[in-house]
Amino acid sequence: PDSPVRITPFLHDVEALAEAGAAVIAVDATDRRRPVAVAELLRAIHAHGRAAMADLATRAEAEAARRLGFDIIGTTMSGYTGGPVPLAPDFALLAACRALGGTVVAEGRYNTPALAAEAIRNGASAVCVGSDSGEIPEVIGDAGLIFPEGDAGALADALRRLEDPVLRARLAQAGRQRVLAQYTMRHVAEETVRIYGAMAGLEDW
């Protein structure tokens with residue numbers, strides 16, 4: 001109650017997520033007041049044989065997470081630890097995390113395919129898992145795993161499937177190829193011009 005930390009703040013949260021079958025357990029690893037130390041949460045995650053992800057807001061926090069031995073670092077908390085929330089993703093933090101090596105997940109205001117493509121160009125390494133809500137399946141295509149919206153069991157099954165390193169590698173490669181083929185700034189601009197040209201009856205657009 002006296003801490004702003006909301007992502008896996010307690011050891012019993014780690015245990016519950018492990019028992020639910022989570023392959024990766026994320027914790028808020030920001031330098032803020034918390035009920036349980038980040039290092040203690042990390043030890044508990046590894047004791048359950050799960051990969052540990054550090055949700056971060058700054059380069060210093062990313063460096064600390066790498067020193068502690070987190071398997072994955074993410075930019076999840078950038079812009080959410082105080083003050084106005086920025087509109088754009090934190091590409092500078094993503095690049096700083098990439099420079100530290102290892103697996104890096106881009107999170108936080110990556111809300112369009114173009115921004116996701118830019119994240120990949122900046123070194124993000126991630127596998128896409130999304131629900132069947134709206135146009136998400138259209139965006140993901142065959143480069144990720146789809147589960148029914150609101151079905152926690154299906155989401156857990158998808159995450160368990162990602163424990164397979166061969167599947168993870170295939171989806172990671174397919175995701176990058178899909179982004180570069182369909183969601184670069186140039187491709188989106190060309191498709192926009194083509195569609196408006198077709199609507200206006202201008203075949204040469």
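Five salt bridges turn up in this predicted model, counting a side-chain nitrogen of Lys or Arg within 4 Å of a carboxyl oxygen of Asp or Glu. Because the model is predicted, local features need pLDDT of at least 70 and side-chain atom pairs count only at pLDDT 80 or more, while totals for chains, interfaces and linings use all residues. Residues are numbered from 1 along each chain as its sequence is written, and side-chain values use heavy atoms, with hydrogens and water left out.

**Stop 1: charged pairs**

Side chains of opposite charge can pair when their charged atoms come close. Select Asp28 and Arg34 to start: they form a salt bridge, with the closest N and O atoms 3.6 Å apart. Are these two buried or exposed? Asp28 counts as buried because its relative accessibility is 1%, and Arg34 counts as buried at 18%. Buried here means under 20% relative accessible area, exposed means over 50%, and partly exposed is in between (1.4 Å probe, protein chains only).

Next, pick Glu63 and Arg59. Their salt bridge has its closest N and O atoms 2.9 Å apart. Both sit in helix H3, four residues apart, about one turn of the helix. Helices (H or I, at least four residues) and strands (E, at least two) are DSSP runs, numbered from the N terminus. Glu63 is partly exposed, with a relative accessible area of 28%, and Arg59 is partly exposed too, at 41%.

Now jump to Glu191 and Arg194, whose side chains meet in a salt bridge (2.9 Å, N to O). This pair lies in helix H9, three residues apart, about one turn of the helix. At 28% relative accessibility Glu191 counts as partly exposed, as does Arg194 at 43%.

**Stop 2**

Ile195 lies in H9, which covers residues 185-200, and it counts as partly exposed because its relative accessibility is 41%.

**Stop 2: into the core**

Which residues touch the most other members of the largest nonpolar core? Select Ala54, Leu56, Phe70, Ile73 and Leu94: of the 28 residues in this core, these are the ones. A nonpolar core is a set of buried Ala, Val, Leu, Ile, Met, Phe, Trp, Tyr and Cys residues joined through side-chain atoms within 4.5 Å. Elements giving two or more residues to the core include helix H1 (11-19), strand E1 (24-28), helix H2 (38-47) and strand E2 (51-55). H2 gives the most, with five residues.

Zoom in on Ala54. Not counting residues up to four places away in sequence, Ala54 touches Val27, Ala29, Ala65, Phe70, Ile72, Ile73 and Gly74, where contact means heavy atoms within 4.5 Å. Then look for a second, separate core of five residues, which includes Leu145, Leu162, Leu167 and Leu171.

**Stop 4**

Head back to H3 and select Glu61, Ala62 and Ala65, which are buried. Seen down the axis of H3, the buried residues fall within an arc of 100°, so they line one face of the helix; the arc is that of the directions from the helix axis to the C-beta atoms. What do the buried residues of H3 pack against? Their partners are E2, strand E3 (72-74) and H4.

**Stop 3: before H1**

Last, go to the segment before H1 and find Thr8. Its phi is near 50°, a positive value in a residue other than glycine, and Thr8 counts as buried at 9% relative accessibility. Pro9 is in the segment before H1 as well, and Pro9 is buried, with a relative accessible area of 10%. Leaving aside neighbours within four places in sequence, Pro9 is in contact with Pro35, Val36 and Leu41. To finish, draw a C-alpha to C-alpha line from Pro9 to Gly74: they are 65 residues apart in sequence and 17 Å apart in space.
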